[in-house]
There are 2 protein chains.
Amino acid sequence: MSTPSAVGILAGGGPLPGRVAEAAAAAGRPVFILGFEGFAEPEVIGPWPHEFVRLGAAGRMLSLLRQHNCSDLVLIGPIRRPSLRNLRPDAEGARIMARLGRALFAGDDGLLGALVRILGEEGFHIRGAHEFLTQAVAQPGVLGRVQPDTQAQADIQRGITVVQALGRLDIGQGCVVQNGVVLTVEAMEGTDRMLARAGECRQPGEGGVLVKMLKPGQEKRADMPTIGPVTVQNAHAAGLRGVAFEAAHTLLTDRQRCIEEADRLGLFLLAFDPVEGAGTSTAPA
Amino acid sequence: MSTPSAVGILAGGGPLPGRVAEAAAAAGRPVFILGFEGFAEPEVIGPWPHEFVRLGAAGRMLSLLRQHNCSDLVLIGPIRRPSLRNLRPDAEGARIMARLGRALFAGDDGLLGALVRILGEEGFHIRGAHEFLTQAVAQPGVLGRVQPDTQAQADIQRGITVVQALGRLDIGQGCVVQNGVVLTVEAMEGTDRMLARAGECRQPGEGGVLVKMLKPGQEKRADMPTIGPVTVQNAHAAGLRGVAFEAAHTLLTDRQRCIEEADRLGLFLLAFDPVEGAGTSTAPA
């Protein structure tokens with residue numbers, strides 16, 4: 001009987017690379033992790049067969065992935081866009097950068113989409129992390145004990161409209177809305193910094209909501225919106241009443257702890273279907 | 001011969017209330033300034049007949065404006081939206097807040113539009129600051145010595161698209177674009193904080209551009225986009241190559257110093273017509 005091919009995990013920061021490794025191993029697949037230097041966390045990828053590589057060392061990456069018999073690849077965990085100077089590409093890296101071409105300077109979607117395409121041309125199958133982490137993707141409905149009230153649902157609905165408009169322009173994945181007023185909009189700075197700003201821009205009255213969604217056309221296999229316990233804590237620190245995110249298109253880094261934190265801090269966690277809207281009538285996930 | 005009626009200036013922060021007073025006085029009109037406590041600067045409004053008032057003291061405001069024979073009113077200079085607690089409305093203020101109703105909790109446009117409407121119903125004529133400060137409103141074209149190159153013009157064009165989309169959602173007046181990537185988007189935090197963030201999100205390559213525009217439907221008489229020498233300095237500190245703003249719909253707080261700072265720091269200053277776009281073919285203003 002032949003050994004099944006391995007799942008290669010291209011790992012950025014945070015705990016998710018380890019979760020994907022666990023899930024793939026539980027499904028009987030060998031695992032090999034390529035940890036991006038400066039992003040992947042040694043304690044997360046350490047327990048698995050792994051190597052650390054510079055982001056620019058594409059030649060070394062491709063040969064390591066082939067050497068470890070990887071067929072499926074998962075890109076998971078945040079990396080910041082590197083400066084060209086820090087990239088110091090190896091020979092293969094320089095060739096790949098030439099193939100990326102303008103996408104290197106386009107929005108994130110363009111860059112990640114082009115990377116996925118090139119890895120596909122190299123013979124790998126790119127899988128979304130959600131294909132392994134089925135538990136980490138929520139069905140529509142309220143998770144936890146707190147329910148969004150009518151005002152919060154209206155704010156979520158407005159947030160959905162805003163993020164969809166932003167997404168069509170390839171800008172960002174999130175915003176904060178309080179009583180109909182858009183307090184902050186996320187572009188390159190990331191959700192945590194947007195939440196801190198939202199706390200400072202807070203208006204009188206009931207607290208606002210964080211809305212996160214996949215951008216239309218976003219390469220879900222490379223850059224899925226992610227919510228973790230720290231997101232819930234930061235949302236609470238910013239005076240928000242809850243967090244709403246797109247069902248089936250958001251990864252929960254630690255579903256159980258997200259729910260526990262939300263319950264403890266009195267925030268709602270709502271997974272919504274953008275077509276259905278912010279209502280909570282569907283069965284809890 | 002009867003005295004002409006006075007121009008009443010409802011003054012927030014910065015130097016513009018003084019400029020409007022100068023311009024109105026130069027046109028032969030008596031001037032009376034109502035300075036909002038905590039926002040209007042004593043050294044700016046001090047040289048003119050004036051009173052300081054709390055934002056919530058609408059009854060006192062209306063009686064002072066009538067007492068000083070004001071017919072035309074100009075709302076000028078930034079105020080932050082007050083908390084309801086800080087507002088402490090007087091009796092007339094409470095009645096006006098009841099008339100403002102939901103607009104108090106709507107976007108800024110709704111609030112300012114409602115205020116202008118109510119002051120109109122009280123018999124005052126609300127004038128835009130640009131009606132007095134004709135020198136402070138730029139015609140389309142490049143001010144100063146630096147010209148935007150092709151890449152900068154493309155970034156400005158993308159910024160115009162972005163801010164128009166944001167404006168239709170009543171979100172903000174500005175964004176920063178660098179080589180096609182939207183670095184930051186302005187919501188409630190204001191331009192200076194957005195510029196600081198843009199500096200931190202800066203990508204490799206040529207610097208980006210700041211784009212500021214009037215929102216569609218924005219109440220120009222109450223909240224015109226404003227550019228000053230500090231905006232130019234902050235744009236430079238954020239690594240930007242220039243500032244682009246909507247001609248005829250942006251106030252320059254100090255046109256001459258804006259141009260001097262831009263020339264000194266090597267930034268371009270472009271006043272654009274959003275219909276014509278970011279080209280620089282029109283004659284310099």
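**Note on the model: loops, helix contacts and burial**

1. N179(A) sits in the loop between β7 (174-178) and β8 (181-185) of chain A; helices (H or I, at least four residues) and strands (E, at least two) are DSSP runs, numbered from the N terminus. Its phi is positive, about 45°, although N179(A) is not a glycine. N179(A) is buried, with a relative accessible area of 14%. Buried here means under 20% relative accessible area, exposed over 50%, and partly exposed in between (1.4 Å probe, protein chains only).

2. The model is predicted: local features need pLDDT of at least 70, side-chain atom pairs count only at pLDDT 80 or more, and totals for chains, interfaces and linings use all residues. Residues are numbered from 1 along each chain as its sequence is written, chains are lettered from A and ligands numbered from 1 in the order in which they are written, and side-chain values use heavy atoms, with hydrogens and water left out.

3. Confidence in chain A. The mean pLDDT (the predictor's confidence in each residue, from 0 to 100) is 85, and 86% of the residues score at least 70. Helix α4 (residues 84-87) of chain A has the lowest confidence in the chain, with a mean of 60. Strand β9 (residues 209-212) of chain A has the highest, at 97.

4. D170(B) is not a glycine, yet its phi is positive at about 55°. D170(B) lies in the loop between α8 (150-168) and β7 (174-178) of chain B. For context, most residues other than glycine have a negative phi.

5. Helix α9 (residues 191-200) and helix α10 (residues 229-237) of chain A pack at about 15°, their axes 8 Å apart. Axes are lines fitted to C-alpha atoms, for helices over the stretch in contact, and angles run from 0 to 180 degrees between N-to-C directions. The pair is therefore roughly parallel (under 35 degrees; over 145 is roughly antiparallel, 65 to 115 roughly perpendicular, the rest oblique). T191(A), D192(A) and L195(A) of α9(A) meet T231(A), N234(A) and A235(A) of α10(A). Contact means heavy atoms within 4.5 Å. By class, this contact has 2 nonpolar, 3 polar and 1 charged residues.

6. In chain B, look at helix α10 (residues 229-237) and helix α11 (residues 255-265). Their axes come within 8 Å and cross at roughly 20°. α10(B) and α11(B) are therefore roughly parallel to each other. From α10(B), P229(B), V232(B), Q233(B) and H236(B) take part; from α11(B), R257(B), C258(B), E261(B), A262(B) and L265(B). These residues divide into 5 nonpolar, 2 polar and 2 charged. Ala, Val, Leu, Ile, Met, Phe, Trp, Tyr, Cys and Pro count as nonpolar, Asp, Glu, Lys and Arg as charged, and the others, Gly among them, as polar.

7. Helix α11 (residues 255-265) of chain A buries C258(A), I259(A), E261(A), A262(A), D263(A) and L265(A). The buried residues pack against β6 (141-143), β10 (226-227), α10, β12 (251-252) and β13 (268-272) of chain A. Just after α11(A), G266(A) has a positive phi of about 80°.

8. M61(A) belongs to helix α3 (residues 58-67) of chain A. M61(A) is buried, at a relative accessible area of 9%. Leaving aside residues up to four places away in sequence, M61(A) touches L34(A), F36(A), V53(A), R54(A) and L55(A). M61(A) and E92(A) lie 31 residues apart in sequence and 9.4 Å apart in space, C-alpha to C-alpha.
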